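Open your viewer and get the selection tool ready. We will go stop by stop.

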Amino acid sequence: MTTMAIVGAGRGLGLAAARRFGKEGHAVALIARNKSKLDSLVSTLRSEGVTAEGFTADVRDQSSLEASIGQAAEQLGPIEVLQYSPVPAKEFMRPALDTAADDLVGPVQLSIYGPVTASRAVIPGMQSLGRGTILFINGASAVRPRGAVTGTSVAFAGESAYAQVLHEALATGGIHVAQLIIPLGIGGGDPDHEPAALADRLWRIHSERDEFRTFVKPLD
């Protein structure tokens with residue numbers, strides 16, 4: 001059995017993806033800061049027959065994130081799929097003229113340092129397996145910056161650039177790196193943006209291993 005690690009796991013997309021990949025036989029490692037919420041998610045998944053464990057980590061703390069990913073692989077088995085999808089904090093979403101240099105520290109830690117740390121933690125194991133998938137989940141500001149959410153726009157742009165160059169670097173080695181852009185956010189009534197539908201989309205990206213970037217809906 002191989003493992004799917006979900007960084008930034010929560011009751012929305014994280015739980016839906018865990019269910020979808022667990023249904024396909026993967027163990028699931030849920031990584032987030034809040035232990036009580038992780039315990040609740042793990043309990044839910046186990047009651048549905050999914051092998052799951054929770055691991056606490058702050059994605060803005062590189063050593064914490066590395067340690068949690070290492071523990072997940074040790075306890076559950078090699079990580080074949082990494083999903084990086086923590087939700088940005090509200091304070092990252094300030095207008096351009098209200099954003100100082102210090103205001104970019106948090107977004108950059110979350111959306112650039114975090115993805116780099118997580119990816120580097122799983123790539124050696126994927127190379128040993130001879131296969132793997134790294135999934136980056138972003139909103140539309142990753143490809144179309146918005147002045148109202150400056151910190152996230154700047155940091156998501158960096159995450160997008162890193163994901164694309166990583167895709168190119170690993171393309172011939174059996175590891176597929178992909179980005180899913182969710183323009184309208186998760187939920188909200190649009191069927192394609194509901195967690196279960198997004199989880200199905202992630203499974204198709206993993207199994208079909210096609211394009212680098214997928215849009216849930218066109219931006220225009």
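How many bridges join strand 4 to strand 5? Select residues 79–84 and residues 132–139: four bridges join these two strands, which run parallel. Helices (H or I, at least four residues) and strands (E, at least two) are DSSP runs, numbered from the N terminus. Two strands pair if DSSP finds at least two bridges between them.

This is a predicted model, where local features need pLDDT of at least 70, side-chain atom pairs count only at pLDDT 80 or more, and totals for chains, interfaces and linings use all residues. Residues are numbered from 1 along each chain as its sequence is written, and side-chain values use heavy atoms, leaving out hydrogens and water.

Now click Gln83. Leu135 in strand 5 stands opposite Gln83.

Contact means heavy atoms within 4.5 Å. Angles run from 0 to 180 degrees between N-to-C directions, and axes are lines fitted to C-alpha atoms, for helices over the stretch in contact.

Last stop: helix 1 (residues 13–23) and helix 6 (residues 195–208). They pack at an angle of about 50°, with axes 8 Å apart. The contact includes Phe21 of helix 1 and Trp203 of helix 6.
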